[in-house]
Amino acid sequence: MRLAINLILSLGMLALCTWLVWPDGTERGQLQAVIAGLSLADFAPYLAAYLGLQIVVHLCRSLRWNYLLAPLGVRVPPGPLLAISSVGFMAILAFPARLGEFVRPGLLRKGGYTSAAAALGTVAVERIVDGLIISLLVFGAFFAHHGPGSPGWMMPTAYAALGVFTAALVFLVFAMRRPEPTVQFCVALTLLPRFAPKLAAMIEHRLVDMIRGFSALRDVRNLTRFLAWSLVYWGANGLGVWVLARAFHLELSVVGAYATMGLLGVGISLPNSPGLVGQFQWFTLLGLSLYLGFDLGDPATKHTALYAVALAFAITQHLFQVAWYVGMGALGLATPWVSFHDLWSARKVAPDDAEPQTAEPQTAEPQTAELARAAAKER
C-alpha cells in the first residue's frame, strides 16, 4: 500500500510538471534554434568550470556525512563513503517519492558500520540542515527582491519553506532532549494510535531508534565541520547555476542564481517524479522568471526568445545533473564496496532484529562480505 501511494504521488508529480513545461511545435523550433546557435568554443570554458564545481559539490556532499556519523562512533573510510554516497545519490534521483533516501542508511547497515535506523537519523539531520540553508537563501533573496510587481506566490512560498524546516529543527531539538514523549506526541497528532495502534507503536519504536542519529547535534565540533562543508557544497552548487547560465548568455545575477537553486531545492524536496523529469525544469523556470522578467502565467511568454533560452538552460542543467549522478553511481557500483544487489535491497530500512549490533566503530578495514564481493568480481 505504501509503495502504491508513493508511486501515485511520484507519477502525479511527473504528469503535472511535464504538462507545465512540455513545449509545443513553436517552442520546439525555438529550442532547436537556441541549441544550434551555441558555439562549442564559447560553451566549453563554462562547461569546464561547471564540471569542476560539480566535483567540489560531489566531494563535499559525500564526505561531510562522516561528521554526522562520528557521534555514533562510526567513521567510514573515504573510498567506501564515496561509493555508498554516490550510489545513494543516484537512487534518490531514480527511485520515486524520495524512496532513494533509504539507500545510504541501508548500505551502511549492509557494510556493518551501524544500524540503518540510526544512520537514517543522520540523513534526517542532513536533510533538515540542507532545507534550512536553502530556505534561508530563498527567503533572503525573495525578501530583497519583493516589491509591488512581485508575483503573489513568491513570499508565501518563502515563508512556507522556512516554516516547514524550522518546525523540523524544533522537532530535532525536542527529540534529543525527550525522545519518547516527543515521538508519542507527534504520532498522536496523526491519529494513528486511535485507528491503527499496532502500526503507531511500530512507528514510535522506529522513530525513537532513529533519533540516535540526532546525536550529531550535540557534538558541536563535528556539527560545525558538517556546517562548514555544507556551506561550501551549496556555495559551489549556486556558482554552478550562475556559470551555466552565463554559457547561455542569460543575464542572471549571482543572487538570482542562488535563489533559483534554492527554489529548485525546495521544489524537489516534495515527492519527486522519476528522474525529476519535468519537476526540475519547472522549478528552475519558476526561479528564473523572477530574475529574468518573464511571466510563466502568461501563455504568450512561452513563445518568446527569452523563454526558449531559459527552457534550454533548464533542460541542459537537468541532463548534466542526471548524467553526473548516474555516472557517479555507476562508478560506485563498480567498486568492491557496493553491488547492484546491495542497492536494490538497501532501498528499505531493515527491521531492528535484522540489523547488526556494532560495538566498535569501523574505520579502516572493509567487512568480510565486502572482501568476498571484491574477490568474486576479480574472478
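Analyst: Contact here means heavy atoms within 4.5 Å. The model is a predicted one.

Sorted by class, the contact of α7 with α8 comprises 18 nonpolar, four polar and one charged residues. Helix α7 covers residues 116-145 and helix α8 residues 154-177; their axes come within 9 Å and cross at roughly 150°. Angles over 145 degrees count as roughly antiparallel, and α7 and α8 are therefore roughly antiparallel to each other. Their crossing is left-handed.

A second pair, α2 (residues 25-36) and α15 (residues 305-333), has axes 9 Å apart and packs at an angle of about 70°. That makes α2 roughly perpendicular to α15. From α2, the residues in contact are Glu27, Gln30, Leu31, Val34 and Ile35; from α15, they are Ala305, Tyr307, Ala308, Val309, Leu311, Ala312 and Ile315. By class, the contact of α2 with α15 has ten nonpolar, one polar and one charged residues.

Two of the α15 residues that meet α2, Leu311 and Ile315, also belong to the lining of the second largest pocket, along with Thr18, Val21, Trp22, Pro23, Val277, Gly278 and Gln281. This pocket has a volume of about 190 Å³. Helices α1 (2-21) and α15 each supply at least two residues of its lining. By class, the lining of the second largest pocket has six nonpolar and three polar residues, with no charged residues.

Definitions and conventions. Residues numbered from 1 in each chain as written. Predicted model: local features only at pLDDT ≥ 70, side-chain atom pairs only at ≥ 80, totals over all residues. Heavy atoms only, no water. Axes fitted to C-alpha atoms, helices over the stretch in contact; angles between N-to-C directions. Helix = DSSP H or I, 4+ residues; strand = E, 2+ residues; numbered from the N terminus. Parallel < 35°, antiparallel > 145°, perpendicular 65-115°, else oblique. Left-handed = near helix turned anticlockwise from the far one by under 90°. Nonpolar A, V, L, I, M, F, W, Y, C, P; charged D, E, K, R; others polar. 1 Å grid on protein atoms, 1.4 Å probe; cavity = no way out; pocket = protein on both sides within 12 Å on 5 of 7 lines; lining within 4 Å. Points joined across faces, edges and corners; volume = space filled by probe spheres on them.
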